[in-house]
Structure formats: structure tokens, C-alpha cells
Amino acid sequence: METTTNRRVTVVSNVNQTTRTVAILRSGKEVAQIHLIAKNKLRMKKPQRIFDASGHELTTTLDYSTIYNDALIYVSSGEAFIGVIRPDTNQHGADTNTAAEVVLLADAAFVDNDALSQLKHTATLTGVVRAVGYPDLCPGLRFPVGAAFLVRDRVYPELIGGDIGCGMTLYRLNLNANFQVEKVANRLKSLDKEWHGDKESFLCANGLMPSNHDVQLGTIGGGNHFAELQVVHQVVDQSVFEQMGLKSNDVVLLVHSGSRSLGKSVLDRVLSSSGDKRVKDGVCYLENSPDFNSYMESHDTACVWARCNRELIAQRFCAMLTAQDETLVSSKWMQTIATKLIDIHHNHVELRSERDGEKIWVHRKGAAPSDRGVVPVPGSRGAFTYLVRPRGDQYGNAFSLPHGAGRKWTRNKANATVSEKYKGSMVNVLSKTDLGSTVICEDRNLLAEEAPEAYKDIQDVVSDISNIVDVIAIMKPILTYKFRRE
Ligand SMILES: Nc1nc2c(ncn2[C@@H]2O[C@H](COP(=O)(O)O)[C@@H](O)[C@H]2O)c(=O)[nH]1
Ligand SMILES: [Mn+2]
């Protein structure tokens, strides 16, 4: 004879967690019962996934047998669990180990399950006290991108990645928007070729020693690095916009690049010298140990180098724009052409004070700092960039924000899908965007991999952070530089 256990549960809408209803759940066919309750009582059109209060997805009969009286059951229409995911909780909601808090700040934005698993895994690493995934969360090689990690007493180089110091710099240009984009596009020569100006003086002025990575100084690099001219599409907060030194007819330059081979060599050194220590959980260095000191010195140098790289890319870009000799540009000259408004790293580690005053290492892997004023959150070359100002104390979101829209498709998927979709006309179609902007990218694969449809919807990303930021302005791309052969 079948035994029937009735349990009183509260069924909650994952997206809008104030929408909930109490119901009696009978054992057997729980999925169908919960779907019915979600449709009839929560007015959900297509309930799909079911989670417990810890964020664990309920998929097996065994999962359902552990539902206890008064449990909270979250129903989603396919999106990932929203809220604090606690690894390995028991049926009463208490942690069975000391794993950290996992926070996922995504609701409207699509989040890949592999990315979520990677995020949860980071919360099990020793010393990690909070792992926060932003709506741009996507899978990395071993650790996710679009996340920040608060870690006590140690640093994990792999939670920063190889492009140490990668970030975004925003300049206001002393040009008005009336110039002809195509004319300007023709002036832009390769920003991937070596810069033949006086590197040594440039480095020295920035406190850096020459190294064999300097052939790449001032070069943009592959992947999703870019330099982009944008105009103002909409001003949302006029007073903050003006305080930033912006006017509605301004043209801005957004540069996204990092430390090129220098940062990669730092991570490579960490991985190759770690030997057997490099287990699943990654290499970590205890605060003030010799390895920690040596890593932090290289990390800090890579961050300064990355910042200089963005500055030199901007100088070369502006020199080409104004038909100057790009080898002769200088910071002083740049100040007559442009004003730097924002300059942030989104791959780095830094020490901060937590709410309780305790010092904590904030690791960012594709996460913009939220304690330095307004930051840009770009979508793609075919989407808007939002200038957002953090609001509130920012503790819950680990002093960080999304660094972009984040990839929806892997590079392989984007390449295959986009090449198939546009076939022979791909280069022509993708050299313009739906926003009417022009794209310079002479590498077919990169053009496809970086197509706007390969990225998540930036509006979803911004709506997911609407309770922790204010939108100040929305910028529209007019010319994106990715890669030119000559
Ligand atoms: N405005 C533009 N945004 C872009 C472009 N290519 C990528 N992106 C966005 O930037 C972030 C950067 O990600 P990262 O992990 O490489 O640091 C990415 O998530 C996109 O949202 C572009 O050409 N223009
Ligand atoms: Mn980056």
C-alpha cells in the first residue's frame, strides 16, 4: 500500500518572491502538483524548474522525499535560482559545512548552469566567505567570469585570472558628434601593431621598468577587447551627468584592454610553480607568505601596466583620429584632446573592510568595483553602454557590479551560429550594427564570435541590479575598433 505523507509547503515565485501561496503537498507526483499550484495560484505561465530554499534544484524522487513540513519551494520559468544559494544545507536549512554564502544577482538575465556550478564550487574553497555572481555571470575555464569573491587571509590567483588588471577607461573627447564616422574609421590604423614611440620614457613616467612584454604596450589584444566611440543616447540623471563633466552632445571613448602577455605570464608562473599543490581548489597564497608577497608585487605591476596600456591605446586612437603622428603623442598632448572620466580594473584583487571592520580580500573576475563612483556597463558593440552609479552600502554585492553583459554563447557556438546565419554576406552585415554603428574587425572569426547576439541582453543585466545602482546615462556606440590587419 502506498503511504501518503502530506506536507504543508509555501510555493514561491522565484522571480517575484513576494508572490507565494501555502499548499498541501502529497508524496508522489510532486512536480505536477507544484506546477499546477504555480500556474493556478502564482499565475505563472510556464513553470519549469523547482528549487528548495537553499537554491538546490529538486529533480529526483529522493529530492522530493526530503521536503519537510513548512518548507519553501521556489518555482522558476527556466531561470536560475535567485537569492542566496547555500551549498550542502540539510533539510532544516542549516549549513552542514562551513561553506560560504553564494549570492546570485540574476533574475531577468540568463545564467548558464555550468557558470552557477562553478560559482558554487568557489564557495567551498578555504577562506572564501562570500561568492557573488552578477547577471553577466558566465562559465570560465575553471572559475566563473562575472563574479567577485570575498576571501579571508589569502588570495587565489585563479579567481582573478590571467588578464590581470583588465578593465575599462572612459574619456570625454574634445570633439563634437558632427564628424563623419566613415572618415574617422579610415584614419584608424592597426592598434595591434607595436607602438614605436618612446616606450621607456612612457613606462618610467608611470613608475614601471621595461620588460620583454613591452612590444605589446599600447596594443588592444584579441577577444572582446575594444576601443569604441560613443555618443549620449539618453541622460537619466542630469545632475550627476553634469558633475561627471559630461554634456549631451559629447563624444566619449571607451577602451577595454588589460595586461596582455604580462598578466598571463604571472598566472602561468603561479600554475607552473605550484606542482602538486594545484588541485581542484586552485592555488592559494596565505597573506604575508613569501609566495603571497611575490604574487602581489607582480599583480600590482600588471595592474599598473594594464592601466598604462589603456592610456596608450587611447593616445594612439586619438592621434589617428586627429591625424597626428602616433609615435609622438604624450600624456600632456592627450590632455588637450580628452579628459579621463573613469578608469577601473575588473580583474584584480584588493583589500577592503567588511561590515564588521574585518579586512577581506576582494577578488574580482569580470566584476567592476562599486566603491569608486560611476562605472560603465557595456552590452556589446551593437548595444548600449549604461553609466551606473552604485547606491547603498554595497556589502551584500561584495563591493562590485557586472562588468558587461557577459557571453550568452561560447565563442564556438557564436562562430558556428553567426557564420551559418549570414553566410557569404557576414562581413558586410556585421560591419554595421542595428544601432547604425560601424565596426572595424578584419578577423572573420572574431567578427562572428563577438557578434552582438552572442551576448546577453544588457537591459536585463541592468534591470537585475536596479536595487543597487542608479542609471546616470545611456551611451550609444558609433564606431567600434576590434582589429585591423594593417
Ligand atoms: N560596447 C561594447 N561592449 C563590448 C564589446 N565587446 C564586448 N563587450 C562587453 O564588454 C564585456 C567585457 O568582458 P570581458 O570578460 O572580456 O572583460 C563583455 O561582457 C561585453 O558585455 C564591444 O565591442 N563594445
Ligand atoms: Mn576584460
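Two strands count as paired if DSSP finds at least two bridges between them, and strands here (E, at least two residues) and helices (H or I, at least four) are DSSP runs numbered from the N terminus. With that in hand, E3 and strand E4 (residues 71–76) run antiparallel and are joined by 4 bridges. Arg49 stands opposite Ser76 in E4.

Some ground rules before going on. This is a predicted model, where local features need pLDDT of at least 70 and side-chain atom pairs count only at pLDDT 80 or more, while totals for chains, interfaces and linings use all residues. Residues are numbered from 1 along each chain as its sequence is written, chains are lettered from A and ligands numbered from 1 in the order in which they are written, and side-chain values use heavy atoms, with hydrogens and water left out.

**The sheet and its helix**

Back to E3 and E4: they belong to an open sheet of 4 strands, with the order E2-E1-E4-E3 and mixed pairing. Strand E2 (20–26) and strand E3 (49–52) are the edges, each pairing on one side only. On average, neighbouring strands of this sheet are turned by 35 degrees against each other, direction ignored. Helix H1 (residues 30–40) packs on the sheet and touches strand E1 (6–13), E2, E3 and E4, with its direction at about 155 degrees to that of E2. Contact here means heavy atoms within 4.5 Å; axes are lines fitted to C-alpha atoms, for helices over the stretch in contact, and angles run from 0 to 180 degrees between N-to-C directions.

**Tyr64**

Tyr64 sits in helix H2 (residues 61–65). It counts as buried because its relative accessibility is 3%; buried means under 20% relative accessible area, exposed over 50%, and partly exposed in between (1.4 Å probe, protein chains only). Leaving out residues up to four places away in sequence, Tyr64 touches Arg7, Glu30, Val31, Ile34, Ile50, Leu58 and Thr59. Its side chain also reaches the backbone oxygen of Leu58 at 3.3 Å.

**Salt bridges**

A salt bridge is a side-chain nitrogen of Lys or Arg within 4 Å of a carboxyl oxygen of Asp or Glu. Searching the whole structure turns up 29 of them.

| Pair | N to O distance |
|---|---|
| Glu158 and Arg142 | 2.8 Å |
| Arg307 and Asp343 | 3.0 Å |
| Asp371 and Arg352 | 2.6 Å |

Asp371 lies in the loop between strand E17 (367–369) and strand E18 (375–378) and Arg352 in strand E15 (residues 347–353), so this pair ties together parts 19 residues apart in sequence. Asp371 is partly exposed at 31% relative accessibility. As for the other pairs, Glu158 is buried at 7%, whereas Arg142 is partly exposed at 30%. Arg307 is partly exposed at 33%, and Asp343 is buried at 17%. Arg307 and Asp343 also belong to a network of salt bridges that links them with Arg310, Glu311 and Lys340.

How values were computed
A polar contact is a pair of N or O atoms within 3.5 Å; within protein, one must be able to donate a hydrogen and the other to accept it, and residues adjacent in sequence count only if both atoms are side-chain atoms.
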